[in-house]
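I opened the notebook to look up how this chain is put together.

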Amino acid sequence: MPYDFTLSKENLWNRRQLLKLGLAGAGVAGTAALWQMLNVKNKSIVRVPPMEMAMATANNVADPMNVLRNFDYGTLKQENGRTIREFQLTAGTSIIELNSAVSYNIWDLNGRIPGPTLRAKQGDRVRVLFLNQAGHSHSLHFHGVHPSEMDGIRPVSNGKATIYEFDAEPYGVHLYHCHIQPVTRHIAKGLYGMFIIDPPNPRPPADEIVLVMAGYDVNDDNHNEYYAFNGLPHHYMHHPIPIYQNQLIRLYVLNIIEFDPAVTFHLHANFFDVYRSGMTMKPSEKTDVITMGIAERHILEFAFRYPGKYMFHPHQDAIAENGCMGQFEVVANSDTKNSVTKS
Ligand SMILES: [Cu+2]
């Protein structure tokens, strides 16, 4: 039955695995606990297809293949009995080659666009050392709950540094960005990134992938001429993202496209579970197109039943055609024993 599949976490268990472990009758709570245990013991439980062929072309401040599954967990420190997760972000300047004919001056963070995907666990103390070497005043404003003085709206002059420190809460998919006026310009020129706060009880294992949608207004007319997933227009059309058939995919999707009020995210030949702002452990809806205003972000979960290439893009087709368009390449998974599958 084509639409008769769900992403219920209990169903992610392969019954044969349960029987092998003598847990066929285990309740949901026991199953969840065992998931975590197996995940720790068996690192191969989530498998990622080889990426070599896709990595070859990255020669740019944008490296979309590297952004996909790259998470910055910071440096862990213990201070006064607390875990501190320390991150370093440096703003700089770069020239991005949007295509063979068009280059554009941007501001980058740690030499990349989008900036690093920072990742903490709810309750961690987060400390961000921000150094501004981008030739203009900037700041870093984090979405989340924190005191006023850590809100990141005060300018940090070129050549200066500051420290933002706050508790990581609440769990969800958040973001950070420069908040210096005009904010549209400071964001559109590259000063943004994703900030994931993991829940106290981890989500089930999945192939976790980051997609950041952004625009480029290269002639300063307050309209975007180009759009991109993870930095480069059209990149994943030419270099599809390899994923395994029947394996749970967890997309962390952020819309940071300035100048357009909202875009949608649409996935071909499938439906995804939506966890709004990543702030729930249970999905609120299943759909194949979701509308996202500026700075909206969600967790979207799915698995592909059939191998092949499948597009994803905003359904504002002009935005898609100008660069915000990509493909997954679903690779047949002959060894599903150790994979995260759905029944
Ligand atoms: Cu700025």
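**Entry 1: a sheet of four strands**

I looked up the strand order in this predicted model. Four strands make an open sheet, ordered β4-β9-β8-β6. The pairing in this sheet is mixed. β4 (118-121) and β6 are the edge strands, and each pairs on one side only.

Next I checked the bridges. Strand β6 (residues 141-142) is joined to β8 by two bridges, and the two strands run antiparallel. β8 is joined to strand β9 (residues 192-198) by six bridges, again antiparallel. I noted the general rule beside this: strands of a sheet pair through backbone hydrogen bonds, either parallel or antiparallel.

In β8, Tyr176 is the bridge partner of Phe142. In β9, the bridge partner of Tyr176 is Gly193.

**Entry 2: strand β8**

Are the residues of β8 buried or exposed? Six of the six residues of β8 (residues 172-177) are buried, so this strand is largely enclosed by the rest of the structure. To count as buried, a residue needs 20 or more other C-beta atoms within 10 Å of its own.

I also asked which way the residues point. Gly172, His174 and Tyr176 point one way from β8. Val173, Leu175 and His177 point the other way. All of them are buried.

**Entry 3: a sheet of six strands**

I found another open sheet, with six strands in the order β11-β10-β13-β18-β15-β16. Its pairing is mixed. The edge strands here are β11 (226-229) and β16 (285-287), each pairing on one side only. From one strand to the next, the twist averages 25°.

I picked one pair to check. Strand β15 (residues 272-276) pairs with strand β18 (residues 297-302) over four bridges, in the antiparallel sense. Arg276 stands opposite His298 in β18.

I looked at Asn255 in strand β13 (residues 249-255). Why does Asn255 count as buried? Asn255 is buried because 26 other C-beta atoms lie within 10 Å. Asn255 and Met213 are 42 residues apart in sequence, yet 4.9 Å apart in space, C-alpha to C-alpha. Leaving aside neighbours within four places in sequence, Asn255 is in contact with Met213, Val263, Met292, Ile294, Glu296 and Arg297.

Then I turned to Phe302 in strand β18. Phe302 is buried, with 22 other C-beta atoms within 10 Å. Its C-alpha atom is 8.2 Å from that of Gln247, which sits 55 residues away along the chain. Not counting residues up to four places away in sequence, Phe302 touches Ile249, Leu267, Asn270, Phe271 and Phe272.

**Entry 4: the nonpolar core**

Which members of the largest nonpolar core touch the most other members? They are Leu140, Met194, Val212, Met213, Tyr252, Ile256 and Cys324, out of 80 residues in this core. Strand β10 (residues 207-216) supplies the largest share, six residues. The core draws at least three residues from each of domain 1 (9-56 + 204-331) and domain 2 (72-198).

Beyond neighbours within four places in sequence, Tyr252 is in contact with Val173, Met194, Ile196, Glu208, Val210, Gly278 and Ile299.

**Entry 5: the whole chain**

I stepped back to the totals. The chain has seven helices and 20 strands. Of its 343 residues, 39% count as buried. I also checked contacts between residues at least 6 apart in sequence: 71% of them join residues at least 24 apart.

Last, I checked the confidence. The mean pLDDT of the chain is 87, and 82% of its residues reach 70 or more. Over residues 1-44, however, the pLDDT is below 50. Beyond near neighbours in sequence, that stretch has 34 contacts in the model.

How values were computed: Residues are numbered from 1 along each chain as its sequence is written. This is a predicted model: local features need pLDDT of at least 70, side-chain atom pairs count only at pLDDT 80 or more; totals for chains, interfaces and linings use all residues. A residue is buried if 20 or more other C-beta atoms lie within 10 Å of its own, exposed if 12 or fewer, and partly exposed in between; C-beta atoms are placed from the backbone. Two strands pair if DSSP finds at least two bridges between them. Two residues are in contact if their C-beta atoms, placed from the backbone, lie within 7 Å. A nonpolar core is a set of buried Ala, Val, Leu, Ile, Met, Phe, Trp, Tyr and Cys residues joined through C-beta atoms within 7 Å. Domain bounds come from an automatic or database domain assignment. Axes are lines fitted to C-alpha atoms, for helices over the stretch in contact, and angles run from 0 to 180 degrees between N-to-C directions. pLDDT is the predictor's confidence in each residue, from 0 to 100.
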